Protein chains: 2
Amino acid sequence: MAQLKDIEIAQRSKLRPISEIAATAGLTADEVEPYGRYKAKIDLPLSGKRTAGKLILVTSINPTPAGEGKTTVTVGLGDGLRQIGKRAVLVLREPSLGPVMGMKGGATGGGYAQVAPMEDINLHFNGDFHALTTANNTLAALIDNHIQQGNELNIDPRRISLHRVLDINDRSLRNAVIGMGGPTSGTPREDHFDITVASELMAILCLATDLHDLKARINRMVVAENVDRQPVTVADLKVGGAIALLLKEAIKPNLVQTLEGTPAIIHGGPFANIAHGCNSVLATRTALQLGEYAVTEAGFGADLGAEKFLDIKVPVLGQSPAAIVLVATVRALKLHGGQALAELTTPDLTALKAGLANLGKHIESMQRYQVPVVVAVNAFSSDTPEEIKLVQDYCAQYDVETVEADEWAHGGAGTTDLAHAVVRAAQTPSTFTPLYEPTDDIVTKATAIVQTIYGGRRVVLEPHAKAQLRRFAKRGWDKLPVCMAKTQYSLSDQPKLLGAPTDFDIHIRAFEPRLGAGFMVALTGSILTMPGLPKHPAALDMDITDDGVISGIF
Amino acid sequence: MAQLKDIEIAQRSKLRPISEIAATAGLTADEVEPYGRYKAKIDLPLSGKRTAGKLILVTSINPTPAGEGKTTVTVGLGDGLRQIGKRAVLVLREPSLGPVMGMKGGATGGGYAQVAPMEDINLHFNGDFHALTTANNTLAALIDNHIQQGNELNIDPRRISLHRVLDINDRSLRNAVIGMGGPTSGTPREDHFDITVASELMAILCLATDLHDLKARINRMVVAENVDRQPVTVADLKVGGAIALLLKEAIKPNLVQTLEGTPAIIHGGPFANIAHGCNSVLATRTALQLGEYAVTEAGFGADLGAEKFLDIKVPVLGQSPAAIVLVATVRALKLHGGQALAELTTPDLTALKAGLANLGKHIESMQRYQVPVVVAVNAFSSDTPEEIKLVQDYCAQYDVETVEADEWAHGGAGTTDLAHAVVRAAQTPSTFTPLYEPTDDIVTKATAIVQTIYGGRRVVLEPHAKAQLRRFAKRGWDKLPVCMAKTQYSLSDQPKLLGAPTDFDIHIRAFEPRLGAGFMVALTGSILTMPGLPKHPAALDMDITDDGVISGIF
């Protein structure tokens, strides 16, 4: 029999009405607003006393084309915890539509470890990203209109830092000249569209603690400089209220379910390479109120997603993880160790041994925060017992438990061992230890990340970045947390440098202040803030029948 | 006591749960999907036998800055029909967010004749417009990506007719050069963003009869010409399935309520000056299945909205109106007759008499279709009995009943007279008579519209339009219905020519073929397909409190 596609497995599953899932999560009827039959939004704040759950963070080695299945493990772990009798609630990021139409496929897990309804979650979901796109572009139009209508704030059209955005992979919009066509159609200027998940508003939505904080953060956003090179904020433009209003529904976390009926809260989704890569603080707090265990993931590898989770999100969240699950696959480790992509089904202990250095570096990094670590080896049929044993023996030297996870084929039943290991780890007493102090300056913070998390030598500021820092220091922006924009494929800023490289420098070519989000983005390497579509976009294979049956999302 | 704002009246009203409204409309629980507590989508097709309702079309004189309140009368008429014991269902267009943030304010009626929840309907509603924006811009990205990846179809980058869109008033995007930044970021070319409501996909969504027809129409869309000047369609690009998939929820009509609990279906919203101006065929059909009376409106004045409703929508819908309600105000008629805007509260029978010519022309036009007409005079406190009598006497010469409507102050209780008049008119036997034959060519069709509906002399094709028609004839596109893009303020193509001008020509400067929608857009005058924001955008006055209380929408 042909192997079922993810969407086919999802379509054959019988979903429970969202009201039942809400009840499972301990939500009352007036705390949820249904969006169709299988999705809802959660009305915050929740009433009454709730659980003080433990936070479990799932992260991974540096991603490879071999696939690690971090989301799949995360979903499976939620189901596995339920199977061993723990009230687990998943809390995940929303997928970006651009990559779904491009090459990434959906971001809702796979096999028998999926959140559902996968087609809706992967397409428009409950409209949060569209609200962000609209809010961002309304703000952009209001800025250009301010200039058009007399420019009272003296905004310099050459120094508008707020880019327009779309939730689409559209390389043609990376660099554009807008405002042409004469005096009634604006001022000609350069603009650059980013993908919505790279926008500051997305980061703000994911870090805001309530509607009040959302509006305050929006008002603090610096969107341009005036002709005297002084920052211009949303508050200066007097449109913070309108922009917050456009996000009044988007700020509410979304509730769905896994194929096994585990409650899953999915909310917000900044990319982890160009943004901070975590679901919203409000969603995570809600999951912690509802579950004994709130199982969440951070984007890409531990160097990007987990570092930002721990250094940017945790201080706002006010709670650190009780345990961190590091996901690896034998295949991906062999690729890190030099085996060719086409050869990965062939056993190769030498390549595996070399590649384990990548896993080891991430274990060390996570242990640096004083959080217990569990390694999850996501099972593939090509794995051999010798390969698994090598991974286990390797990890034992870090005093870390290594557990196979087979959620793809078996759902929660395939992750009960992992669930038990996570429960054990989360019971270990630990004291979360931040990587840097809030009072450290930006270079000190970036250096801590580069040396401790990446294993690199030093941070090199290119001249433009140096000049920016001098200017930012005068404005008091020199103590912000750093959000590194770096390739996800390597610990370094060179995508092809796999394994655990050393003796490399990280080159910061520019900074982007995000006063509303409350961090400073440091751009390294050639990170694109607007992806392109591949030669054969996924969209070409998508279809919907006259009866509404969908195909091609996977 | 200060007069309440529309949003304050709405916020003081107690809405009924959407499940109750669905039951009032005769919908079963499995035919509706709730979107929050007060909105839903209707799952089509409806099961079982339903009412064969009568269609009531509300239109108006040419709009003026004095305000006519056509939507308010439409909503009030629905409530009024309910008050006299008729099962009425409203079926309206969705507001465009761009004008809401600009100067138009909401499009959900006013006073005690509103559809609710007005803030949600005016903002993101159930996401239909965002899905259209995304589908359109995904298609645009796929076209540019096709060129980038080898351009197998030989698309001429200078001749891409599909514009990107946003549901935002953003004049800076009217004219742009995109694709700059070197070979990895696309091919430099000119693009022009339109507002989403001007897109062909919006027209398609509003004319599609089911999912099958939607996909077929999308596949027929001509998006570019190749280097041999042959048309390139969505079918050629093989992405019709993906684009239809992105609209799978947007195609479902939305259910809300009036402040009096009358069911209101709100779905689709092409502008009437630059597009065809009607809500969706599916929504109207649904309303006809659910109500004894389906009360709908067309955009702007009868010359634009009603003409397109009757000549473009009715042939697809397969049902013509049983009666047409023509909305006028004494104030607006006086403005058409030459009184100054600031003077409109002063009685002026001379100006009123002169301005009535505009109303008379529209009565004649609508009677041309052999549909019974009722004139609704939307009441203002400044109206005098003499002025009302003058309107009534004037309309009597056309054998048309004239009824005052006071829905703004009294809701349905203020429109029971109008409701009775509409019921009487709808009982009058009539035979709908189209303006032109489907087999007529485009110039013949346009001439019929200009001479019969506008009262003009002839159609003048500018050289570019002439050349286009010659090319289109060779492609067999010369018999499409014509969708005139004309100013809404005048029967002519000169916005300042009020009243009922004669002896004017209509100049068509260009055509835009819309093979998917199935009509040919004829551009006259200087119609903008992307509006701008005013000096003081409405957004500046909008706000949301920490507790979620909204202000400034109206």
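The legends below describe close-up views of a predicted model. Local features need pLDDT of at least 70 and side-chain atom pairs count only at pLDDT 80 or more, whereas totals for chains, interfaces and linings use all residues. Residues are numbered from 1 along each chain as its sequence is written, chains are lettered from A in the order in which they are written, and side-chain values use heavy atoms, without hydrogens and water.

**View 1. The interface of chain B and chain A.** Here 73 residues of chain B are in contact (heavy atoms within 4.5 Å) with 74 residues of chain A. About 6100 Å² is buried between the two chains, 61% of it from carbon and sulfur atoms; buried area is the accessible area (1.4 Å probe) that two parts lose on being put together, summed over both. In chain B, the residues that lose the most area to chain A are B:Arg37, B:Leu245 and B:Ile544.

**View 2. A salt bridge between the chains.** B:Arg164 pairs with A:Asp170, their closest N and O atoms being 3.0 Å apart. Ten salt bridges are counted between chain B and chain A, each a side-chain nitrogen of Lys or Arg within 4 Å of a carboxyl oxygen of Asp or Glu.

**View 3. Domain 2 and domain 3 of chain A.** Domain bounds come from an automatic or database domain assignment, which places domain 3 at 442-524. The centres of the two domains, taken over C-alpha atoms, are 24 Å apart. Eleven residues of domain 2 are in contact with ten residues of domain 3. Two salt bridges are found across this interface. A:Glu225 and A:Arg471 form a salt bridge at 4.0 Å, N to O.
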